Structures are given as structure tokens and as C-alpha cells.
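Subject: Structure handover

Hello,

Here is the structure I said I would pass on. Please open it next to this email and follow along.

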Amino acid sequence: MDFTVPVDRDGVLLLDDFDAIGQRLTASGTTRLVNVTVGPEEVHARDEHIPDNPWQGSFPQLYLCAVQSGIAAAALDDAIALTREKARPIKHSSAGTSADDPYVREVVGEIAAHAQAAQAVVRFAAEELDAVRGLTGAEARTAGAQASVAVAQAGVTAIASALRAAELLFDIGGGSITNRDLGCDRHWRNARTVANHNPRRWRAAVAGAYHLTGEQPPTTGLF
């Protein structure tokens, strides 16, 4: 069965109108359907059956967590490269190069820790989600709820880690690190944009409710 989206069909209009400050590859934007011809083989009845694991949004939410992890890693890459190649130690520093400055080293180490934390929670959540595969019935529902909470918690940590890593990047240099041609601001803008697709306050509250009362996560695409 072919589930290819017919974007080139008459009447299908995809508008690239998601005017975000950062990351745009989140399937956001407007789609207009005007008198679109649909063949009978393309019509599928809605399945009213409630799946054993109803948290179908967990995987795409894990994907967004992985994006945040990638942003943190990219901030670390830039921090290392700029420290080695461009940054200069502050005038009263005892170091001859930025790479030898103890405070710059501390900043790069902290960025690396945030990048590692983001990567670790994504991997853990992925393992929890993978463990649901093949399960059925009540066992699948229990594991699915647990995996959904794990992904939610990963989102909280990955978002915080990416935003903090992106902010710390500016602490490795002076005023010149804010030059537009370096584009160091892109990491924060990307992390902030993705974070708004993945609301961490709700995620933290849902995780808290699960741990305190056993309340299961919502079965929306956000969990």
C-alpha cells in the first residue's frame, strides 16, 4: 500500500509560512486542500480500536529530544573549534591561549556535560520505548505508559541541556563571538524553537503525576 503524500496533486498547496526564529524542519506550516481528487484506494476507514499501547506520540517526541541532543552536541563542536582557532584569552588572563585558560576550559567542560546528559537521556528513553515492541494487552499498556513518561522526562532534560549549552557557548570568547558571521546564536534559536513544539512544563507535570499517583500520560501526540 502506497502512503506517499501527493504534494504535487492539483489542489494541494503547501505554504512555507512557519516563520520561526530557528529550526524549521518540524513539519510546521500551513497545508491547504482545495477540491483535491482522491481515489477510492486512498480512502481508509478510521480504526476505532484502542491500541494496547495508545501513546503513539512517544516516538516523534523522542525524535525531538534527539534533535535537542544534536543541538547541544553542535554547540560543543563550535565551542571546541572556536576556542582552538579563533578565541583569544582575556587581557588579564594568565594563559597564553584560550585553550589554556582555566575558565574557558571550565565552560567547555560544562557544555560537554550538558551535551552528554542530553545524549544519555535520549538513549535511555529509546531503550524504554523499544522494550514495548512485541508486547500486547495490559503488559503493553503498562510498558507504554512508562516509556511515554521516560520520553517526557528526556524532553525536560534534553531541552534544558541544549538551551544551557547554547548559552554557555558565548562564554568562551569576548565581544567578537557575537559576530553574525559566526552564527553562534543559531544553536539557542534552534533549541528554543524545538522546545516550543515539546512543552517541558506539561511534560514535567505529567511525569510528576505518574510518579505520585500512577496517573497515565495523555494519549495525544505530545506524549
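Below are the findings, grouped by region.

First, the ground rules. This is a predicted model, in which local features need pLDDT of at least 70, side-chain atom pairs count only at pLDDT 80 or more, and totals for chains, interfaces and linings use all residues. Residues are numbered from 1 along each chain as its sequence is written, and side-chain values use heavy atoms, with hydrogens and water left out.

Start with the loop between β2 (30–33) and α1 (58–85), where His 49 is placed. Helices (H or I, at least four residues) and strands (E, at least two) are DSSP runs, numbered from the N terminus. His 49 has a relative accessibility of 56%, so it counts as exposed. The cut-offs: buried is under 20% relative accessible area, exposed is over 50%, and partly exposed lies in between (1.4 Å probe, protein chains only). His 49 and Ala 73 are 24 residues apart along the chain, and their C-alpha atoms are separated by 41 Å.

Asn 35 lies in the loop between β2 and α1 too. Asn 35 is exposed, at 75% relative accessible area. Its phi is near 50 degrees, a positive value in a residue other than glycine.

**α1 against α4**

Two packed helices are described by the angle between their axes and the distance between the axes. For α1 and helix α4 (residues 185–195), the angle is about 170 degrees and the axes are 10 Å apart. The two helices are therefore roughly antiparallel. Axes are lines fitted to C-alpha atoms, for helices over the stretch in contact, and angles run from 0 to 180 degrees between N-to-C directions. Angles under 35 degrees count as roughly parallel, over 145 as roughly antiparallel, 65 to 115 as roughly perpendicular and the rest as oblique.

Which residues of α1 and α4 make the contact? From α1 come Leu 64, Val 67, Gln 68, Ile 71, Ala 74, Ala 75 and Asp 78. From α4 come Arg 186, His 187, Asn 190, Ala 191, Val 194 and Ala 195. Contact means heavy atoms within 4.5 Å.

Gln 61 lies in helix α1. Gln 61 is buried, at 5% relative accessibility. Not counting residues up to four places away in sequence, Gln 61 touches Val 151, His 197, Asn 198, Arg 203, Gly 221, Leu 222 and Phe 223.

Ser 69 is in helix α1 as well. Ser 69 is buried, with a relative accessible area of 11%. Its contacts, leaving aside neighbours within four places in sequence, are Ala 115, Ala 118, Gln 119 and Val 122.

Helix α5 (residues 200–213) holds Arg 201. Arg 201 is exposed, with a relative accessible area of 69%. Arg 201 and Val 156 are 45 residues apart in sequence, and 7.8 Å apart in space, C-alpha to C-alpha.

Val 206 is also found in α5. Is Val 206 buried or exposed? At 11% relative accessibility, Val 206 counts as buried. Leaving aside neighbours within four places in sequence, Val 206 is in contact with Pro 217, Pro 218 and Phe 223.

The charged end of Arg 203 sits over the ring of Phe 223, 5.1 Å from its centre. The test is NZ of Lys or CZ of Arg within 6 Å of the ring centre and within 35 degrees of the ring normal.

Best wishes
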